Structures are given as structure tokens and as C-alpha cells.
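Biologist: I would like to go through how to read a few features of a model. Where do we start?

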Amino acid sequence: KTEARLHTPMYYFLGSLSGIELCYTAVVVPHILANTLQSEKTITLLSCATQMVFFIGLGSADCFLLASMAYDRYVAICNPLRYTLIMTITFCVCLVVASVLIGLFLSLQLVIFIFCFPFCQDRGIEHFFCDVPPVMRLVCATSHIHELSVLVAATLAIAVPFIFIATTYVLIVAAVLKLHSAAGRHRAFNTCSSHLTVVLLQYGCCAFMYLRPNSNYHPKRDQYISLVYTLGTPFLNPLIYTLRNTDTMGPLMNAVMVSFSYRLCLGVIECCIGYSISFFRWLLVLIGAGVEAGDPLGVNLRKNIKAKGKEDMKDSLRTPMYFFLCNLSLLEICYTTDVVPVMLSNIFGARKPISLAGCGTQMFFFLTLGGMDCFLLAIMAYDRYVAICHPLHYTLIMTRNLCVQMVLGSLSLALFLSLQLTALIFTLPFCGHHREINHFLCDVPPVLRLACADTHVHQAVLYVVGILVLTVPFLLICISYVFIASTILRMRSAEGRQRAFSTCSSHLTVVLIQYGCCSLVYLRPRSSTSEDEDRQIALVYTFVTPLLNPLIYTLRNKDVKGLLHQVLTVKCLNLFCVLLTNEIN
């Protein structure tokens, strides 16, 4: 809406696809969460029919809209001179409205036809929403007519658009292969690759669900497949279309960062970071001046600190990179503080109990701080990308406001995800009165082992959250370093290449340790986990990584090492002045 260069038919269809998928998931997700958090999992017949109408209607509109986007690509590549004449605003609006209306019409006819038949007394739907196959299993009449009606509707909504898309891409490929320029062929295929990926994901899952006989119905398998096209595909589509598109990456980053405008926190963070780091440098200069003037006690020290502070406001470490490093350090202090006190009390105490509320609180803060740690490492990778790939624009892009907004945004997102996951886990019933956690902290895997109910949905949610917190930031880091490496390799100076690689090596080391350990715990199936292995890996990312990070970042950094030596010198001089004053007195 805010970018004029995105006001084209292709982005209009993308915006419409995004809006349809927002509604598409909103039909299903709230009811899934309600069923997960409540013991009574009921839905009225009218609500089930309403959910089915909108789910099938919006899903069909999604399929028709993908076909409209394929036609848009066909006109852009095969008839580029007539593109603006054919793909007018009116025509694009008509295509989107027609997709929605046809989808809702087909779904309304199908749902009315299904709900006209009687249902059996046992009305337990083996699914997490009212989809066609599980509801048809409840019909007490002959289901052959129902299967035929579903097959006809699925053919109209899935097979016909897919054949149309396949036909357009045959014509597109034929037109692209006729191009003489290799760059032109590459650009043409690049504009279609994202759309093709989405088409294969969407149509593959939907065809498996609705274009098969009812005798092949398997409840558990179908639930997992439905989870892909109801939650996975709408989540992946924006990433697929955005990460491969330079036009949308810049506006997207600006739009996301501008939404977190907390100016009040900027002053607080500046006071905590800038002044505390600079204080010891001022103290060193003032004590040295006091010793030279024959005033080792520093009688006028307090008067001079304020004047000196005004003169020495500019500090060599007050840059975005060190701002993020300081936040990472503070974050890991809180991160270990959440675990170490309870572990020490368990080691030295005879009884090792923890209340349910205490366990939930520890898990919430542990997941929040750990998730923010991962997001912050991704932000630091973006900072390095801007510094190396766009050095002339670095001060314009990485402003103070943007840095603070990115830190606060990562904190808000981590708080939201950890709160949802913790609330979801602690709605489970736990076995018996003897609830022993075979771990040194209330982590998600050992707590899930105590549940007496089926945890497949919870494990699926844990896997999705793990992808959001671990996989997505890690992919962003990898993409940043691909661009960084390509930029560095184009440098002619060997010294410049070495300096650029040196600034990234510390961050890469921390990323590999942090993401490697966390992925082993949260992104693997429960069947392949061992409690002893989980404890050993958790020991690495809760104690070893926060211990190593300051050493990794400090020992390879001349600026930090110099300041650290000054701070230690100030401490020694201060102690010497105090001892000398005591002896004189």
C-alpha cells in the first residue's frame, strides 16, 4: 500500500492472496486453540457447517487465485507489449472477486448437500476442524453420492485450475526458450519460481486430500497433511515470495521495524550501555591526573567526573555492533540467572521440589530469553550485512532508533511465542502425585514426558515454534552470510578481505554453537531423544555458550581488549589509592 513501485498486477494478486490466507487460517486456528486449551471439545452442527463453508470457499478461492497469477505471468512473459492493456486494474479486481465468489458458491453447494443427510449418534470428528472427509465419515446414509459430489467439486476447484496453470507454464517455457539472452531467460524463470513452489505445495496437499476415494481415509495421516496446507503453506508463502524478491524485502523491513517505536526505552538503554562503559575510561584519566598533581586520594574527583563526562561523550564502542553485543550479554546474564539458582538449590538441598507455577514461570522466562537470543543473533547478522555490503549507507540504515526497535521487536516476538507455548503445555493433565522431572530445569521435552494425555498436537506446536525461533532466524543468517561472502570475494585487497572475515568469525562461531545445540533438542522427533543426551546438550547451551560468548567476542576484538585492559587498570589504581589513603590516615 505504501510503496508506489509495488502497485502492479502481480503485487495486487499477492496482496489478495495474503488477505485470503489470513481469513483462511482465521477460520481454523482459533477453534484449534480453543480445543487445545479447553477440556470440553464440542462444536454445534451450525458452527461446523459454517466453518466448512468458509474453509472450502477460501481454499478454493486460493486455488483460483493461483491460476489467475499464472495467467498474469503468461501475459507478462509471452505478450509483454500488451501487458498493460490486458492486465488493467478493473480486470484484476474482476479476477479476484470472481475467484472468491466461485469458491464460496461451490463450497455452499457442497456443504448444503452433505448436511442434508442424517448423521450417526456417535458424532466424534477425528480431526482438529470440520473438514469434508472426517465429517462424511459420520453420515449414516450411503456415501457414494457424497464421494462423487466431493470429487466433482474438487475437480472444479483443484484439477481445472491446475491444468490451466500447467498449460500457461508450457507456453511460458516455450516463450522463454526462444529468448536469445541468457540473462533474460534467467530473469523470466526467476519471476516464476516462487509461484511454482507455492502451486506445488498447495495443489499437492489438496489433491491428496480431496481427489482420492474415501476408502483410503486415515485419520492421523490426514491430520498431519491438513496441518501442512492450513498452517504450513500460509506461513511459508510470504517467505517464499519475499525472500526471493528484492522489491519487497526493503519495504518489508522498513514496515516491520517502524511498528516498534518505543522512544522512551532509547534513553534508558543509552544510560545502561553508553555511560556505564565510558565511566571507567573517565575514571582512569582522572585518577592519573590526580596522582600527577599529588592528589592520590582524588579530593576533586567527584567534581571533575561531571565535567569530564560532558567532554568525552563520544566513545569508540558506541556503534550498533557493540550495542547488540551489550544486549546479548545482558540477555545471557538473565538467561543463566533463570536456571542457575534453582540448580544450585537442588544440588545443595535435600529436597528438590518446584511448584507447578514455579515450573511454568521458569519455562516461560527460559523460552523467552532463549528465543530472543536467537532473534538477536539474526539481527547482528543483518548488521554485519549492512556494514559490509552497504558501507556507505551504514549510518543511514543502522540508526539508534532502528537498533532499539529491532531489539524490542525480538523481545516482543519471543514473549508472545513463549507465552503461547507455555500456556498450551500446562493445560495438559500430569500423571499422579509423584511428578518427577528428570532434568535440572523445567524445559519443554522433560515436562511433556509427564503428561498423561496425547501430546502429538503439543509436539507439533513445539515443532512449529522451534521452526519460527530457530530455523527462520538461522535461514536469515545464512542468507546474510551468502551476500556477505559474495561481497568479500569481490574485494581486491587481501587485507580488506581478511578484516571483513575477521569481523564475522566471532558471530559465526556463536551462531553455530547456539543453533546447533538448540536444534538437537527442539527440532528432532521425540522417539529419537534420550534424557541423558538432552541434559548434556542443555548443559552446553545454558552454561557453556554464555560462558564462551564473552571470550569469543572479546579475545578476537582489539577495541574491546583495549577497553578491558583500561578497566582493569582503573580497578587496580582505585584499589591502590584506597590502600594508600588508609595507610596515611
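Modeller: With exposure: buried means under 20% relative accessible area, exposed over 50%, and partly exposed in between (1.4 Å probe, protein chains only). Leu156 has a relative accessible area of 40%, so Leu156 is partly exposed. Thr248 is buried, because its value is 14%.

Biologist: What kind of source is this?

Modeller: This is a predicted model, where local features need pLDDT of at least 70 and side-chain atom pairs count only at pLDDT 80 or more, while totals for chains, interfaces and linings use all residues. Residues are numbered from 1 along each chain as its sequence is written, and side-chain values use heavy atoms, leaving out hydrogens and water.

Biologist: In which helix does Leu156 lie?

Modeller: Helices are DSSP runs (H or I, at least four residues), numbered from the N terminus. Leu156 lies in helix H6, residues 144-177, and Thr248 in helix H9, residues 246-258. Thr248 and Leu6 are 242 residues apart in sequence, yet 8.0 Å apart in space, C-alpha to C-alpha.

Biologist: How many cavities are there?

Modeller: Rolling a probe the size of a water molecule over the atoms shows where empty space is left. On a 1 Å grid over the protein atoms alone, a cavity is a set of points where a 1.4 Å probe fits but cannot get out; lining residues have an atom within 4 Å of a point. Grid points are joined across faces, edges and corners, and a volume is the space filled by probe spheres set on the points. The count comes to 4 cavities of 30 Å³ or more.

Biologist: Which residues lie nearest the centre of the second largest cavity?

Modeller: Ile56, Ser60, Ala157, Ile158 and Tyr210, out of 18 lining residues.

How values were computed. Helix = DSSP H or I, 4+ residues; strand = E, 2+ residues; numbered from the N terminus. 1 Å grid on protein atoms, 1.4 Å probe; cavity = no way out; pocket = protein on both sides within 12 Å on 5 of 7 lines; lining within 4 Å.
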